[in-house]
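I opened my notebook to jot down what I looked up in this one. Here it is on the page.

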Amino acid sequence: MPGSEPGSGPGAGPCWTIRRASAAEIPAIVALEAEGFARPWNAAIYGEEIGRAGAWTLVAEGEGGAIVGFVCAWKVLDACHLLRIASRGELRGRGIGRALVEHLAGLARAAGCVHVELEVASQNAPAIRLYERCGFEVVGRRPRYYRDPVDDALLMNLPL
Ligand SMILES: CC(C)(COP(=O)(O)OP(=O)(O)OC[C@H]1O[C@@H](n2cnc3c(N)ncnc32)[C@H](O)[C@@H]1OP(=O)(O)O)[C@@H](O)C(=O)NCCC(=O)NCCS
């Protein structure tokens, strides 16, 4: 596994480190889930994800050790399927999401993946913007894929 990499926001913003999550980070990840998602994943799910072979759960650690973001993905044959990503609400727009996706892409490439794929709600503008900035393109659409609220899923792909 490659080592962690420092990242930083624009200007003289705070720095963070991207690394694999351990069980100690589960409460922090679950707190970010509750902040970022209407139907958050719980601690039991992340306990499985962190121990899952062929999967990545990465965290972004800020100054002082605070967990400010995470991403969760599976290796499926030659694809990396990005399942979840979130950054702390008051720190969004500073590049944490992008640092997480770029680090994940590097790990996936090293593991033999040839692309990263994901589904995103068509009305989730911040997430779509993040993925576009990382080089993803829309390759398909699943009408009414999401419920509460009903929304289409965009299928996005990043060749590695
Ligand atoms: C999607 C999410 C992870 C992005 O994280 P982030 O740390 O803000 O990402 P970045 O700072 O790297 O921003 C990437 C791009 O998105 C843009 N962006 C961030 N927040 C935005 C917003 N509210 N509206 C529009 N664009 C936004 C940034 O400006 C940046 O684009 P730029 O480089 O052109 O300025 C974050 O908004 C989040 O946690 N959302 C809730 C959970 C979620 O919806 N996850 C995705 C579905 S799994």
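**Before starting**
I reminded myself that this is a predicted model.

**Entry: two helices crossing**
I looked at α1 (residues 26-36) and α2 (residues 43-51), whose axes come within 10 Å and cross at roughly 125 degrees. How do I class that angle? I wrote down the crossing as right-handed. On the α1 side, I26, I29 and V30 make the contact, and on the α2 side it's A43, Y46 and G47. By type, the residues of this contact are five nonpolar, one polar and no charged.

**Entry: G65**
I found G65 in the loop between β3 (55-62) and β4 (67-76). Buried or exposed? G65 has 8 C-beta neighbours inside 10 Å, so it counts as exposed. I also checked G65 against T17: they sit 48 residues apart along the chain, yet their C-alpha atoms are separated by 9.3 Å.

A reminder to myself: most residues other than glycine have a negative phi, and most peptide bonds are trans. With that in mind, I went looking for exceptions.

R144 turned up with a positive phi of about 55 degrees, though it's not a glycine. R144 sits in strand β7. I counted 9 C-beta neighbours inside 10 Å for R144, so it goes down as exposed.

D148 also isn't a glycine, and its phi is positive at about 55 degrees. I placed D148 in the loop between β7 and β8. Why did I call D148 exposed? Because 7 other C-beta atoms lie within 10 Å, and the cut-off for exposed is 12 or fewer.

My last stop was the peptide bond from D148 to P149, which is cis, with omega near 0 degrees. P149 is found in the loop between β7 (137-146) and β8 (151-159).

Notes: Residues are numbered from 1 along each chain as its sequence is written. This is a predicted model: local features need pLDDT of at least 70, side-chain atom pairs count only at pLDDT 80 or more; totals for chains, interfaces and linings use all residues. Helices (H or I, at least four residues) and strands (E, at least two) are DSSP runs, numbered from the N terminus. A residue is buried if 20 or more other C-beta atoms lie within 10 Å of its own, exposed if 12 or fewer, and partly exposed in between; C-beta atoms are placed from the backbone. Axes are lines fitted to C-alpha atoms, for helices over the stretch in contact, and angles run from 0 to 180 degrees between N-to-C directions. A crossing is left-handed if the near helix is turned anticlockwise from the far one by less than a right angle, and right-handed if clockwise. Two residues are in contact if their C-beta atoms, placed from the backbone, lie within 7 Å. Ala, Val, Leu, Ile, Met, Phe, Trp, Tyr, Cys and Pro count as nonpolar, Asp, Glu, Lys and Arg as charged, and the others, Gly among them, as polar.
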